[in-house]
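Let's take a look at some charged side chains and who they pair up with. Have the sequence and the 3D view ready.

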Amino acid sequence: MRSDALPATVSHCSLDDFLAASAASHASLKLLTFNMQVGIHTRGYHDYLLKSWQHLLPSRQRKHALANIADLLKPFDLVALQEADAGSWRSRHENQVECLAQLADFPYWYQQVNRNLGALAQHSNGLLCRAPLQTVEKHALPGLLPGRGLMLATLQWPQAKVTVAVTHLALGKRTQFGQLDYLVSQVKDAEHLIIMGDLNQEAEVLLQHSPLKRLNLQRLPDKCPTFPSWRPQRGLDHILVSDGLWLRQVASIHHPQSDHLPVAAEVALLP
């Protein structure tokens, strides 16, 4: 990567500050990844107990939460979502990925249901975009417990094909590394690569000690803390890009809706 193309990285900032630092150019893409926790507003560890019922039952607060999340998504070109519901009892049978696409004016949306509990819950990843994708593949990730998935998409932009991987990894390191080994096997030939999602692991471990070290991913110079959202200390959510892309800026965004903060990035092709 060229020395003059080093990322202008901010570890933690408001959405307005991130957008103010963005380039006024159609040659860059603004990306966001967000573990939305099914639209549950979490303000502290006590809410894991007090609001645990919202993981199974509908809540009147969910509609306001989706509107709030949609306002966050509107400025971006490509959005990865984790822990969305595809339409069950707890979401009042509303597909949250489709709903957010409509509220935030995304013409194209894609979804992968990873853990289908029927009428009770349908745990999903989602991908929202302003332009149609060339291909979208959905893969089940390995693990003792089923329910983790990987979406692979190809985007033509502007004169190169970009592979986008969206995922939500398991909690245990051994299972994570097995899932990352599978991910690497699927994207190892990609010329330009973007990985987005809740990887449940710090960037240093991912980039230096996991199977991801076999890819030509850029090392992030600063930490972007995302968890817990009310007092972020650990960077578990990531947007990682390959060396052929210019990572202009990346930051965790102060938007305490879920128990995770979203991560935003701006990327461009290197000339």
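How does K74 count by relative accessibility: buried, partly exposed or exposed? At 39%, K74 counts as partly exposed, where buried means under 20% relative accessible area, exposed means over 50%, and partly exposed is what falls in between (1.4 Å probe, protein chains only).

A quick word on what you're looking at. This is a predicted model, where local features need pLDDT of at least 70 and side-chain atom pairs count only at pLDDT 80 or more, while totals for chains, interfaces and linings use all residues. Residues are numbered from 1 along each chain as its sequence is written, and side-chain values use heavy atoms, with hydrogens and water left out.

Now for the pairs. A salt bridge here is a side-chain nitrogen of Lys or Arg within 4 Å of a carboxyl oxygen of Asp or Glu. By this rule there are six salt bridges, including these:

| Pair | N to O distance |
|---|---|
| D71 and K74 | 3.6 Å |
| R214 and D181 | 2.9 Å |
| R248 and E266 | 2.6 Å |

Next, R214 and D181. R214 sits in the loop between α6 (203-209) and β10 (237-241), and D181 in helix α5 (residues 173-187), so this pair ties together parts 33 residues apart in sequence. Helices (H or I, at least four residues) and strands (E, at least two) are DSSP runs, numbered from the N terminus. D181 is partly exposed, at 37%.

Finally, R248 and E266 form a salt bridge. Their pair links distant parts of the chain, strand β11 (residues 245-253) for R248 and strand β12 (residues 263-269) for E266, 18 residues apart. R248 is partly exposed at 22%, whereas E266 is buried at 0%.
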